[in-house]
Amino acid sequence: MVKKIFAYSYIYIILLILYLPILYLIVFSFTEATTLGSWSGFSLQLYSDLFKNEDVMIALGNTLILACLSALVSTVIGSLGAIGVYYCKRGFRTVIENINQVPVVNAEIVIAMSLTVMFVFMGQNFFGGESIFSFWTLLAGHCVLAIPFVYLNVKPKLLQMDPALYEAAMDLGSSPTKAIHKVIIPQILPGIFSGLLLSFTLSLDDFIVTAFTRGPGLLSGAAQIETLSTLVQSVIKKGAVPPELRALTTIIFLVVLVIVLSYSIYINVKRKRIAKHHRRSLNA
Amino acid sequence: MCAEKIGENYIIEMNNVTKIFDGVTVIDKMNLKIKKGEFVTILGPSGCGKSTTLRMIAGFETPDSGDILLNGSNITAIPPYRRPINTVFQHYALFPNLDVYDNVAFGLRNKKIAVPLKNKDGSPMLKIDKGLAKDLKNQIKRLKKDKIISSEEKENRLNYLYQKLDECLSTPRQAYKYKHLSEEEIDEKVVKALSIVDLDELEDRDISTLSGGQQQRVAIARAIICEPLILLLDEPLGALDLKMRKDMQIELKEMHKKIGITFIYVTHDQEEALTMSDTIIVMNDGVIQQIGSPENIYNEPQNAFVADFIGSSNIYNATVIGDKKVRFLNHVFNCVDFFPINERVDVIVRPEDVHLSDVPKENYLEGKIASKVFKGIHYQYSIMIGHDEVLAQSIKDFDQNKPLYIEIRPDGIHLMKKENISNVYTDSYIGKDHKVYIDECPIDCDLSKMINNSTVDEDGIVTYDNKKYDFANADCVATISPKDIQVSDDTSDAPIKGRVINSVYKGDHYLILVRTENDEDFFVMTPYTFNADDIVGLNFDKSKIELKLKGDLNDYEI
């Protein structure tokens with residue numbers, strides 16, 4: 001009994017420590033006070049200010065476009081790569097897997113620096129000395145960051161799958177492309193989806209790679225692309241954190257929370273349905 | 001596909017098919033013909049190449065050399081999805097994302113029906129057959145990579161293929177348009193296939209909710225629905241419990257009769273093979289040991305491996321000592337097989353052919369019961385006749401402490417030609433240190449064996465007829481009898497280590513085949529039992545290794 005109480009209180013204390021700051025953030029996004037930590041009564045002023053602040057809106061747009069595109073590209077490349085590697089010979093597979101581990105454990109600053117050096121080199125040698133820093137270099141940077149994580153999310157699903165499925169599809173008349181499309185992809189879809197979510201969030205809050213690989217473009221036009229993280233960084237360099245950002249971060253947190261919750265509810269419901277079906281068939 | 005009709009009733013022919021994985025020959029120059037409509041079983045221990053054979057017929061593996069013909073047309077270079085062959089996989093490989101109905105319909109939804117194209121005036125439309133040209137090109141590509149056939153044969157066959165390709169590219173043939181089946185047609189066939197396997201009411205069920213036996217049936221329905229010419233089954237009953245397996249065996253056999261297509265069934269279970277097959281192909285180590293009907297394989301095994309693998313049996317070394325007279329168990333028996341006098345043979349006696357009596361009779365040998373096991377319908381006895389062990393069966397309960405008398409009648413004795421079981425290493429050599437290298441392992445041998453009546457000094461210099469010979473770097477052939485090699489579990493100080501491939505019991509000893517990492521085979525006689533895949537060490541009786549020089553003796557004179 002005592003043991004149980006301790007075990008539960010341990011979990012709740014940890015959860016509290018984890019979520020307390022976010023709770024503060026949410027509470028203080030509903031007040032007008034500019035100084036942090038003071039409460040001047042409930043108000044939705046920050047939220048209305050947020051949508052009027054053009055800089056923030058541009059940065060938000062940039063961030064979302066970038067996050068969507070880079071998540072899409074890295075999910076496609078990472079998933080196809082994982083499928084390809086899975087059906088490779090063992091020696092080659094081990095090599096690829098080890099190579100894939102390096103960017104995961106590597107310091108992000110190293111990735112960012114090396115990308116910058118490469119883009120400068122490419123600009124000088126292949127693009128007539130012009131700078132190639134733009135939205136495309138930024139997208140490439142974010143993909144480089146996310147692809148290893150997509151691979152790591154898809155791989156366990158492939159390992160769970162019966163390796164003979166691909167051959168079974170071919171045996172029944174599917175061409176290799178059709179077999180992947182009709183049989184393999186549906187099997188690893190949960191892995192692909194979590195890879196997509198992960199690469200989306202990686203891109204959403206990335207600062208280092210963004211700062212090193214961005215150029216002009218997107219909603220920022222001819223100026224350097226600002227994402228939320230670079231915007232916050234440039235603003236706090238000058239002064240205090242603008243109060244609207246409290247509202248913005250609250251919104252981001254709630255959106256992510258909703259996505260994660262609905263995904264896990266969906267998975268749970270599906271599992272229960274299968275279990276129920278199974279029980280019914282056993283009874284029958 | 002090329003239409004090289006042979007006009008015979010063989011649906012599958014494999015000609016000199018060789019498959020090599022990472023330098024290991026898994027299938028060695030296999031020749032095989034399978035008749036249309038038969039239930040054929042490929043039987044062998046695990047790792048004998050039976051699954052690889054099946055996968056080559058299905059198209060998942062491409063042979064490194066040789067051809068596979070389907071109804072006389074070469075299909076070696078055709079991918080699996082274009083072969084009219086379907087497979088029931090070992091673990092069924094059902095698609096978990098689809099329900100029973102969609103799993104069964106999967107093949108039909110991929111299937112396309114050829115409709116001949118016509119010109120506006122109603123005459124058949126002719127076009128160059130690009131698909132055929134592509135197949136021929138693939139065949140040419142494959143043939144060019146083949147390193148096993150002679151260059152002359154390669155040249156001839158390449159020329160033939162180029163000729164066919166030219167012919168194909170210059171003569172237009174009837175063109176076809178390909179149409180998917182309609183949903184109504186698919187539905188009709190799915191319902192029929194599900195009723196063949198007795199699953200009518202489960203069509204909308206998820207795969208994960210089915211029992212093993214039901215999944216098995218779905219896998220069969222899915223494979224037969226496309227009306228393949230051949231159904232391949234890769235140990236499909238392995239995951240079922242004994243009772244279910246027995247039922248499925250009978251059902252599969254009935255299904256085979258009902259749908260009338262060729263079944264090729266792979267298993268390591270000899271009983272399954274004997275129950276179901278029209279023809280059994282026994283394989284070991286990438287080589288076909290025997291092809292025949294179940295009766296034929298059981299009663300007339302061609303060698304000790306087949307005899308040992310199919311059913312339990314007594315196998316002895318024996319000598320033919322007269323016209324249809326053979327000596328083993330220290331006794332002369334009459335037999336029905338004819339072999340030349342003085343020939344060493346293997347003798348096989350099935351336990352049910354050993355007649356037992358508890359009182360001495362004429363022609364009966366006396367023995368002692370070493371063990372007695374009750375097997376339900378009968379007792380199984382192990383009887384010692386001198387040093388040899390004889391397995392026998394009887395429904396009678398004999399007293400274990402009294403002598404037992406056995407008789408083996410002529411028709412119960414089957415003689416087999418002895419396999420060449422001496423170990424000959426043609427690529428051994430003598431190193432600078434004057435040691436003999438067998439399988440890259442130095443062995444301190446008596447070099448005077450190189451020349452009769454010669455002597456050898458401490459430095460390894462051989463003297464004969466007042467001439468001295470230095471055999472450093474000489475190539476030689478080393479021969480050693482299986483009884484002069486000792487095998488043990490202790491690999492620490494053994495010069496050669498290897499893996500046990502198989503083991504055959506021969507009355508008072510085992511003959512085991514040990515394969516080293518470098519793919520050299522050693523036959524070894526031992527009184528102890530070893531299991532397949534055990535790692536063992538081999539020690540040689542050095543004085544018993546026979547050596548023969550390759551090349552001219554005079555080259556080594558000093």
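Two residues are in contact if their C-beta atoms, placed from the backbone, lie within 7 Å. Keep that in mind for what follows.

This is a predicted model, where local features need pLDDT of at least 70, side-chain atom pairs count only at pLDDT 80 or more, and totals for chains, interfaces and linings use all residues. Residues are numbered from 1 along each chain as its sequence is written, while chains are lettered from A and ligands numbered from 1 in the order in which they are written.

Start with the two chains. On chain B, 22 residues are in contact with 18 residues of chain A. Which elements of chain B give two or more residues to that side? They are β6 (85–88) and α2 (100–110). Helices (H or I, at least four residues) and strands (E, at least two) are DSSP runs, numbered from the N terminus. α2(B) gives the most, with 3 residues. By class, this side of chain B has 10 nonpolar, 8 polar and 4 charged residues. Ala, Val, Leu, Ile, Met, Phe, Trp, Tyr, Cys and Pro count as nonpolar, Asp, Glu, Lys and Arg as charged, and the others, Gly among them, as polar.

Now stay within chain B. Its domain assignment gives domain 1 (308–417) and domain 2 (423–556); such bounds come from an automatic or database assignment. How far apart do their C-alpha centres lie? The answer is 35 Å. In domain 1 of chain B, 8 residues are in contact with 5 residues of domain 2 of chain B. On the domain 1 side, β15 (314–322) and β22 (388–394) of chain B each give two or more residues. β15(B) has the largest share, 4 residues. That side divides into 2 nonpolar, 3 polar and 3 charged residues.
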